[in-house]
Amino acid sequence: MKSKRKSKGPVTASKLVKNTSLDFNSPALKKLSETGGIKKEYSKTSSIIREFHNLNKRLAIIRKNRQFHESSHQNSSKPAALDQSALSDEVIEENEILKKLDLLGGLNEYQKASILGQSKLRGGDTSRWLVKVLLKLRKKRSTCATIKPINKSSPDISAAKRNDKLKLLDVGCLDPFNYKKEFSWINPVCIDLNSQHHKIIKMDFLSVPISTHHPQLPADNYSRNSEAQSPNDEKSCAGPFDIVSLSLVVNFEGDVIKRGEMLRHSKRLLTPNGYLFLVLPLPCIDNSRYFDHSRLLQIASHLNFTAVEFHHSNKLAYYLFQLDSATPNSSTTKSSNTNGNPSLIFPKKLLHNKKNMNNFTIVI
Ligand SMILES: C[S@@+](CC[C@H](N)C(=O)[O-])C[C@H]1O[C@@H](n2cnc3c(N)ncnc32)[C@H](O)[C@@H]1O
């Protein structure tokens, strides 16, 4: 009789990501990479991420339609039979999507797949690009006065010096130690819809308040070695911030209007000349019917952001924008083409029309 015990099988990346403390330099992960096994695992994680995004997008559309049907039903005096059947179809589809998301493992599994995507074997997490640019800006600080003086030489960082650190809101944070090497001059506050670590506040970015009565931010609890820190909570997370990081977060949101709202909210949370670090998958910029580099720059400029630096890698598009609070706000300006929605300044507009393009966009 055959033994029912399953063989342990090879160490796979998906097994590795199940560990809470991920060691990206572990011999097992390196070996997996050398033997080529990791490629298969990466394509598996990529398909989880892709499927998750598609389902999320569809869910946002259905929920929006439902809101619309419900409000038009409330405002109408006639019995709307058609609306009612559309509504029940949408409820059925919504439940199916939720089931599929559940089968995929939900946000938790998606995040594990994303953690694997961050691994150094794949070029590291996106914070490395930001740090490189910030250091470059620090060098030419005479022209970029908002990069504050940094005293890295002092091992004892007093409260006064801590206030000199750049306060960075890391939205959609999977690893609170992304900026570990920079803790002496960057003070990260980490949030995510689904926290993977006690130092990551479980919070929706759109509900981060603009200011607080508690100016002491939780990231002051960070120290290089200490694990025993007081837990972060929603109350301790509030603007203003020197930097807001939206790395691979805007594309996660399925609702195109909420994507625009995320950019607007960054502006509200930033110090007068603060920075917005935005990272999108490259196809959002170079293979979308409704979006591209210049559209992004137009939207950014409308919100008084100027691109300080950008970089397109094989897979990702990195942007560092700086807020110019001195420029008069242009948010009252309306675009000529509003696609039937007069409240939108940058509506969904066909910009390119080639085969196999995606439909990513951000509307404002
Ligand atoms: C692809 S991961 C990005 C991880 C990391 N920032 C990076 O650059 O690799 C997207 C993360 O954004 C989080 N997220 C999406 N919308 C959010 C929101 N409105 N508020 C907070 N976190 C959000 C998701 O929960 C998910 O963990």
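**Start near the end of the chain**

Select Asn356 to begin: you'll find this residue in the segment after E7. Keep in mind that you're looking at a predicted model. Is Asn356 buried or exposed? At 69% relative accessibility, Asn356 counts as exposed. Its phi is near 60 degrees, which is a positive value in a residue other than glycine.

Now jump to Asn304, in the loop between H10 and E6. Here phi is near 70 degrees, again positive in a residue that isn't glycine. Asn304 counts as buried, because its relative accessibility is 8%.

Next, select helix H10, residues 293-302. Color Arg295, Leu296, Ile299, Ala300 and His302: these are buried. They cover an arc of only 160 degrees around the axis, so they sit on the same side of H10. What covers them? Among the elements to show are helices H8 and H9 and strands E5, E6 and E7. At the N-terminal end of H10, look for the cap: a side-chain oxygen of Asp292 lies 3.3 Å from the backbone nitrogen of Ser294.

Move on to H8, which has 14 residues and reaches 20 Å from its first C-alpha to its last. Its buried residues include Met262, Leu263 and Leu269, along with Arg259 and Lys267. H8 has an N-terminal cap too: a side-chain oxygen of Asp255 lies 2.9 Å from the backbone nitrogen of Ile257.

Last stop: Pro240, in the loop between strands E3 and E4. Zoom in on the peptide bond from Gly239 to Pro240, which is cis, with omega near 0 degrees.

Conventions: Residues are numbered from 1 along each chain as its sequence is written. This is a predicted model: local features need pLDDT of at least 70, side-chain atom pairs count only at pLDDT 80 or more; totals for chains, interfaces and linings use all residues. Side-chain values use heavy atoms; hydrogens and water are left out. Buried means under 20% relative accessible area, exposed over 50%, partly exposed in between (1.4 Å probe, protein chains only). Helices (H or I, at least four residues) and strands (E, at least two) are DSSP runs, numbered from the N terminus. The arc is that of the directions from the helix axis to the C-beta atoms. Contact means heavy atoms within 4.5 Å. A polar contact is a pair of N or O atoms within 3.5 Å; within protein, one must be able to donate a hydrogen and the other to accept it, and residues adjacent in sequence count only if both atoms are side-chain atoms. The expected span of a helix is 1.5 Å times one less than its number of residues.
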